[in-house]
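The sequence and structure come first.

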Amino acid sequence: MEKLKKSTIYYMCLDCGHTELKWLGKCPACSNWNTFQKKYQQPSDNKHKSNIGSSESEQSSQVITLSEIDLEKEPRMSTSIDELDRVLGGGIVPGSVVLFGGDPGIGKSTLMLQASHNLDTLNFSTLYVSGEESLSQLKLRCERLGLNSESLLFASITDLRELENRLNEQKPQILIIDSIQSLYTPEIEAPPGSLSQVKHCAAVLHSVAKENEIACLIVGHVTKAGQIAGPKVLEHIVDTVLYFEGDHHQDYRILRSIKNRFGPIEIGVFEMRQTGLQEITNPSKLFLRKRPDYTVGSAILPSLEGTRAFLVEIQALVSTSQLGTPRRVVTGIDSNRAALITAVLEKKSGLHLVGDDIFINVVGGAKVAEPAADLAVALSLISSFKEQGFPGDLVVMGEIGLTGEIRSCNQPEKRLLEAERMGFKKAILPEACRLNHHQGNIEIYPVSYLKDVLEILSG
């Protein structure tokens, strides 16, 4: 008589899914306490068999050259929202998985509803699954946005197994999940939104999307730190990761791609209105709105995000401090970068900023992370310190080194073309920039050191 095989006992963290052979008070993976629960793993009746030599294995794991790979080019599915299509790399790729993240109330669900309505209008079968709103709430939102598609499918589902059944019945081309944190599976004894639930549900959705060529758009919550809630593997699984950014006190929103397997890293700009999100095709005009021609403490930067150039205004205010420790308030750029620029101005330009309060702001709530903004920050500080305004038709760009040198920035031609299109006549940029293909009429002042910039402005 064959002996009964004993089940294996192990312990699993209910928050992140980490497993151990013994109980631990603190999970070494997620650092949470008292989250381990005893589990039983039943032994398999089938002994492991090698697949070497099987025809199925040979077909799925064959080694071939690049030229032998058959590529079936399928047209991308356009959402009829140009800014969204731009960030996606030209449209939605069939079978791709896209993750949308953003703060609460920033407009993620609004954008998904508008996109699903447009896709359905173009005869792409679309299923919108909401685990956070009831069907009546979805209808109220659609009426407010003016969306009245008759064939768009809606469902309010939180059980992953039920969702799989509905997908087998409807077989949509596009699936929208709002949100991944609301889905759960009874197989895992953890609440919805926990790391283990999010990880498992995302893996199942990824597998379903790839096997059935369903484009899956997933909405994800973010943490206080601005990261998408859930395990980091969630961002590795999906094909594209998009972040919806913006200030609740401002009308505009920026959709930024962090990862995209099917296109370059891009941004899209929207404006939140009563009837939904409106595309902004000219971001430069938005960020320079109501700007005076001659302003003290202001500089214009031709910024570059992905392949898109647009102009932003950087302002600075330098005033005598009444406190023992002067304040340094920076908004829109890296505070460490601002401290570096201030130190270089102190050492190389003779500006005595030690006892002054310094305030730096990127107008409109925009965020600039590239080093090319250094020179614009420096000029706005110099302008405020000396109470000297610069020409209103001047743009500046360039990275500042610790020795006071001005280093080159990428794609200067594209930046200059955008500046010229917006009516700017002059540009200060690093001498190291190569302008072999620039055919514009903008007047260029090449510089190598900060002292060269000061000479040009004083002359």
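## Basis of the report

This is a predicted model, in which local features need pLDDT of at least 70, side-chain atom pairs count only at pLDDT 80 or more, and totals for chains, interfaces and linings use all residues. Residues are numbered from 1 along each chain as its sequence is written, and side-chain values use heavy atoms, with hydrogens and water left out.

## The chain as a whole

The chain holds 12 helices and 21 strands. These elements are DSSP runs numbered from the N terminus: helices are H or I with at least four residues, strands are E with at least two. Taken along the principal axes, the C-alpha atoms fill a box of roughly 100 × 55 × 55 Å.

Of the 459 residues in the chain, 47% are buried. Buried means under 20% relative accessible area, exposed means over 50%, and partly exposed is in between, with a 1.4 Å probe and protein chains only. Among contacts (heavy atoms within 4.5 Å) between residues at least 6 apart in sequence, 65% join residues at least 24 apart.

## Nonpolar cores

A nonpolar core is a set of buried Ala, Val, Leu, Ile, Met, Phe, Trp, Tyr and Cys residues joined through side-chain atoms within 4.5 Å. In soluble globular proteins, nonpolar side chains tend to be buried together. The largest core here has 59 residues, and Ile-360, Leu-375 and Leu-381 have the most contacts inside it. Helix H10 (residues 374-386) gives the largest share of this core, 7 residues. Another core lies apart from it, with 30 residues that include Ile-81, Tyr-128, Ile-176 and Leu-242.

Which residues does Leu-375 contact, leaving aside its neighbours within four places in sequence? They are Val-396, Met-397, Gly-398, Ile-400, Ile-406, Ile-428, Leu-450 and Val-453.

## Pockets

Pockets were located on a 1 Å grid over the protein atoms alone: a pocket is an open set of points where a 1.4 Å probe fits, with protein on both sides within 12 Å along at least five of seven lines, and lining residues have an atom within 4 Å of a point. Grid points are joined across faces, edges and corners, and a volume is the space filled by probe spheres set on the points. In the linings, Ala, Val, Leu, Ile, Met, Phe, Trp, Tyr, Cys and Pro count as nonpolar, Asp, Glu, Lys and Arg as charged, and the others, Gly among them, as polar.

The largest pocket has a volume of about 380 Å³. Its lining has 19 residues, and Asp-103, Phe-244, Glu-245, Gly-246 and Lys-367 lie nearest its centre. Strands S4 (97-102), S9 (240-245) and S10 (252-260) each supply at least two lining residues, and S10 gives the most, with 4 residues. The lining divides into 7 nonpolar, 7 polar and 5 charged residues.

The second largest pocket has a volume of about 250 Å³. It is lined by 17 residues, of which Pro-104, Gly-105, Lys-108, Ser-109 and Glu-132 lie nearest its centre. Helix H3 (residues 108-121) supplies the largest share of this lining, 3 residues. Here the division is 4 nonpolar, 7 polar and 6 charged.

## Aromatic pairs

Rings of Phe, Tyr and Trp (its six-membered ring) pair if their centres lie within 6.5 Å; planes under 30 degrees apart count as stacked, over 60 as edge-to-face and the rest as tilted. By this rule the count comes to 2 aromatic pairs. The rings of Tyr-128 and Phe-154 have centres 5.8 Å apart and planes at 55 degrees, so this pair is tilted. Tyr-128 lies in strand S5 (residues 126-130) and Phe-154 in strand S6 (residues 153-155), so the pair ties together parts 26 residues apart in sequence. Tyr-128 is buried, at 0% relative accessible area, whereas Phe-154 is partly exposed, at 30%.

The rings of Phe-244 and Phe-270 have centres 6.1 Å apart and planes at 85 degrees, so that pair is edge-to-face. Phe-244 belongs to strand S9 and Phe-270 to strand S11 (residues 267-273), so parts 26 residues apart in sequence are tied together. Phe-244 is buried, with a relative accessible area of 5%, and Phe-270 is buried at 0%.

## Two single residues

Ser-303 sits in strand S13 (residues 298-305) and counts as buried at 1% relative accessibility. Not counting residues up to four places away in sequence, Ser-303 touches Arg-308, Ala-309, Phe-310, Val-312, Val-368, Glu-370 and Arg-415.

His-200 is in helix H6 (residues 195-212) and is partly exposed, with a relative accessible area of 26%. Not counting residues up to four places away in sequence, His-200 touches Leu-160, Thr-185, Glu-187 and Ile-188. The C-alpha atoms of His-200 and Gly-17 are separated by 9.1 Å, and the two residues are 183 residues apart along the chain.
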